[in-house]
Amino acid sequence: MPTVDGACGVTVDASLEKRILEQEVARWRLRAEQAESILRTSPAAIFLCDKTAERSRTFSEAVAHMLGYEPDHVPQLGEEVLPDRMHPDDTTRMALEFERDLEVLEDGEQLVFEYRMRHRSGEWRWLEARCVVFSRTEEGQLERYVGAVQDITERKHLAQTMRDREAALQKANAELEQRIAERTLELRRKSALLESMINNLPAAFYVKDTEGKFLLVNRRTAELMGVTRAEAVGKSVADFFPPETAAPWLEAQQEILAGGEHEVEEIFVQEDGPHIYLSIGFPIRDSEGTIFAIGGFSTDITERRRAEQEREELQARVIEAQRAAIRELSTPMIPLAKGVVVMPLVGTVDSARAQQIMETLLAGVVKQQARVAILDLTGLTAVDTRIVDALLRAARATRMLGAEVMLTGIKPQFAQVLVQLGVDMSGITTEGTLQSGVAAAMGWLQGRGRSAQDGSERARAR
């Protein structure tokens, strides 16, 4: 019985061990199936290879799937299909660099390699291989390595797109910077040109904010205020002038802020005396029409006013000279012979001309030492009491100087007026024409001369 019992124990132990072994094999088979399933469904082709063994079928199927083939196509493609589908440039590079880099790979260090393979559609797809050391020989040489391959075509395209966009952005930025630099240079030149023009204006120019503080002044304005341009900015007129001088400026400022314009002549006392300035103020508006500043010019017009005054004085002298010439022409005094002068009257006679006739007649009688003064009325266009009165006064004044007055060329209407007015013509000789008047005057002078000679001879005889 012990023998039987011992045999049974051995049998039981063997059966149990067998079952345990079968279970362990089943578990390993399941794990292998799971591992293979994972390898088949993984987006990356995971492989374990040594330097003498070929890669696994799982690796080939995964890479074939990346290239557009189904798993059942792999046996038909053959073992050399994958290398044959590698880009020629990458084939040479792989042969030279991949194996060399594997030999010097350190434990834990990754070898990353990118290469291209032709897809079933004909396009080139980018693949990335990452390898690490799996085991080494007793001598420390690389024996096996494990790796994974994945399709990075989209990432490559995205990276290229990003590079293209970055390059385009950089180009756009460079062009924008160039335009900004050119625009900045142009604005600087325009600003310098405007600054130079404003600063060299002969007029005082300024810009003030709505509170009356200077935002900009040119050199002439600063000189008038006795400060530098920098010192003027941020200050108002009241900071540089007494209240009575600043008050008109402040009133004009309110007028301009209300939308009007201001123009006035002002006097500023400077080192060389008072100067007259024409000041013009105007509102400065933004694109919406809102007033945000005040501009103004003050131009020194002292010399202009002086020139205008001199021109006016000269013009007055010219006019006076013209008037004198006209007076001379309108009332000419003509000496005919010694002791005889003629004044022909033409046109009309007003009060001013009547006075002129008298002055000219009296001055001519004295100057020429005339004994007979002939007033020829032939050219008169109208006769009234004013003319008659003027002529009679001139005749009486002339007689007071010792000269006889003769009227010639009296027209019928003139004679009628004299009769109607009952004018006393005693002491005044009249002749029908100037010619007869001249003859009578010459005869009268000759007769008077003979009478004077006879008187002298009678005086000597006594």
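## A nonpolar cavity

The lining of the largest cavity divides into seven nonpolar residues, no polar and no charged. This picture comes from a predicted model. The lining residues are V388, L391, L392, L407, F414, L418 and M425. Two elements give two or more residues each: helix 12 (385-400) and helix 13 (412-421). Helix 12 gives the largest share, with three residues.

How much space lies in the largest cavity? The volume is about 40 Å³. A search of the whole structure finds one cavity of 30 Å³ or more. Rolling a probe the size of a water molecule over the atoms shows where empty space is left.

## Helix 12

Helix 12 has 16 residues. From its first C-alpha to its last, helix 12 reaches 23 Å. That is close to the 22 Å expected at 1.5 Å a residue.

Which residues of helix 12 are buried? They are I387, V388, A390, L391, L392, A394, A395, A397 and T398. Among the buried residues of helix 12 are V388, L391 and L392, and these also line the largest cavity. Just after the helix comes G402, which takes a positive phi of about 90°.

## The second largest pocket

Now turn to a pocket. The second largest pocket holds about 270 Å³ of space. It is lined by 15 residues. Closest to its centre are T221, L224, M225, F241 and F268.

Which elements supply at least two residues each to the lining of this second largest pocket? Two are strands: strand 5 (204-208) and strand 7 (262-270). Two are helices: helix 7 (219-225) and helix 9 (243-257). Helix 7 gives the most, with five residues.

The lining of the largest cavity, in turn, has no polar and no charged residues.

## The whole chain

The chain has 462 residues, and 29% of them are buried.

Contacts reach across the sequence as well. Take the contacts with a separation of 6 or more: 50% of them join residues 24 or more positions apart. The accessible surface of the chain comes to about 29700 Å². Carbon and sulfur atoms account for 55% of that surface.

Methods. Residues are numbered from 1 along each chain as its sequence is written. This is a predicted model: local features need pLDDT of at least 70, side-chain atom pairs count only at pLDDT 80 or more; totals for chains, interfaces and linings use all residues. Side-chain values use heavy atoms; hydrogens and water are left out. On a 1 Å grid over the protein atoms alone, a cavity is a set of points where a 1.4 Å probe fits but cannot get out, and a pocket is an open set with protein on both sides within 12 Å along at least five of seven lines; lining residues have an atom within 4 Å of a point. Grid points are joined across faces, edges and corners, and a volume is the space filled by probe spheres set on the points. Helices (H or I, at least four residues) and strands (E, at least two) are DSSP runs, numbered from the N terminus. Buried means under 20% relative accessible area, exposed over 50%, partly exposed in between (1.4 Å probe, protein chains only). Contact means heavy atoms within 4.5 Å. Accessible areas come from the Shrake-Rupley method with a 1.4 Å probe; for residues, only the protein chains shown count as cover. Ala, Val, Leu, Ile, Met, Phe, Trp, Tyr, Cys and Pro count as nonpolar, Asp, Glu, Lys and Arg as charged, and the others, Gly among them, as polar. The expected span of a helix is 1.5 Å times one less than its number of residues.
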